Amino acid sequence: MKKDIRLVLSSGGARGLAQIGAIQSLEEHGFRIRSVCGSSIGAVIGGLYAMNKLDDYTEWIKTLDKSAVWGLMDFALTGKGLIKGDKVFDKMKTFIPDVFIENMEIPYVAVATDVLKRKEMVFDQGSFYDAARASIAIPALITPVHHLKTILVDGGVLNPIPFDHIKPVERSLLVAVNLYGPVEGKHVEHIEPDDEEDEDKDKSGFFNSLLRIISTSDKKSLGYIGLLTTISTMMLSKMAELSIRVHQPDIVINVPGDSASTFEFFKADELIALGKMLGDESISNYFKEQNA
């Protein structure tokens, strides 16, 4: 028998690709996702699932290497953020048309943060891409969104795992994918091909330098952005931990917080496999507890 679940997806940058593997694991174990809610990358993955386009996104994201990820970065010339964040969505729109949230196949909610009103902004209707763009606006990294006379930034700022905004489903389990899980050495290593062109090597070298600047794990060379990102991750990890304690989901799939840094989307294969493995482990533990 299918087991209905409400799925909550956390913020966490490129680690969110592990949520794809976690969803694959849930479906393979007979769970049926009836409602989904997310912050930041969780809002992106959740929305794509709700509109039945996650497979299309997965196929595309797996083709991206460092050079391709670099090509999707539209650097901002203002002091509001490092990246505008529009180019990647413009690319996605070429093969995944926009959908109004109220017309999605299952109930979906995206969460952003209203800076001026100091509260969460909940998107449960309107354009998916507008909601996702607001939800991923990581302060200092991705420029904020001006919306209805206010300013919106990343949903994870106030609610990294937005349990309290998931649409209710009768007799369903509550499941969360937490991208701020304990660091357990399960980070993924990405192996670069040996036959890169010189131009690609130059791009790769510059991209590696950028990643070092914003990395949450490079403690030896923390500059302004690196320090800000590291501190933010520490805070979000604690917030996520407390939120899980309060809401007590039936299943938590914890993805280690060091498994990828913010923009390492070129690790798609490895992160999806990691999410699938961790999903299998968490679901197996859940069934063992139920049968004990």
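## Helix α2 and its surroundings

In this predicted model, Ala43, Val44, Gly47 and Leu48 of α2 meet Phe128, Ala132 and Ser135 of α6, where contact means heavy atoms within 4.5 Å. The residues of this contact divide into 5 nonpolar, 2 polar and no charged, with Ala, Val, Leu, Ile, Met, Phe, Trp, Tyr, Cys and Pro counted as nonpolar, Asp, Glu, Lys and Arg as charged, and the others, Gly among them, as polar. The axes of α2 and helix α6 (residues 128-135) come within 8 Å and cross at roughly 160°, and α2 and α6 are therefore roughly antiparallel to each other, a term for angles over 145 degrees.

Helix α2 (residues 41-50) is mostly covered, since 10 of its 10 residues are buried, meaning under 20% relative accessible area with a 1.4 Å probe and protein chains only, whereas exposed means over 50%. Helices here are DSSP runs of H or I with at least four residues, and strands are runs of E with at least two.

Two residues other than glycine have a positive phi, Asn52 and Leu148; Asn52 lies in the loop between α2 and α3 (54-61), and Leu148 in the loop between β7 (145-147) and β8 (150-153).

| Residue | Phi | Relative accessible area |
|---|---|---|
| Asn52 | near 60° | 53%, exposed |
| Leu148 | near 50° | 69%, exposed |

Residues are numbered from 1 along each chain as its sequence is written, and side-chain values use heavy atoms, with hydrogens and water left out. Local features need pLDDT of at least 70 and side-chain atom pairs count only at pLDDT 80 or more, while totals for chains, interfaces and linings use all residues.

Technical notes. Axes fitted to C-alpha atoms, helices over the stretch in contact; angles between N-to-C directions. Parallel < 35°, antiparallel > 145°, perpendicular 65-115°, else oblique.
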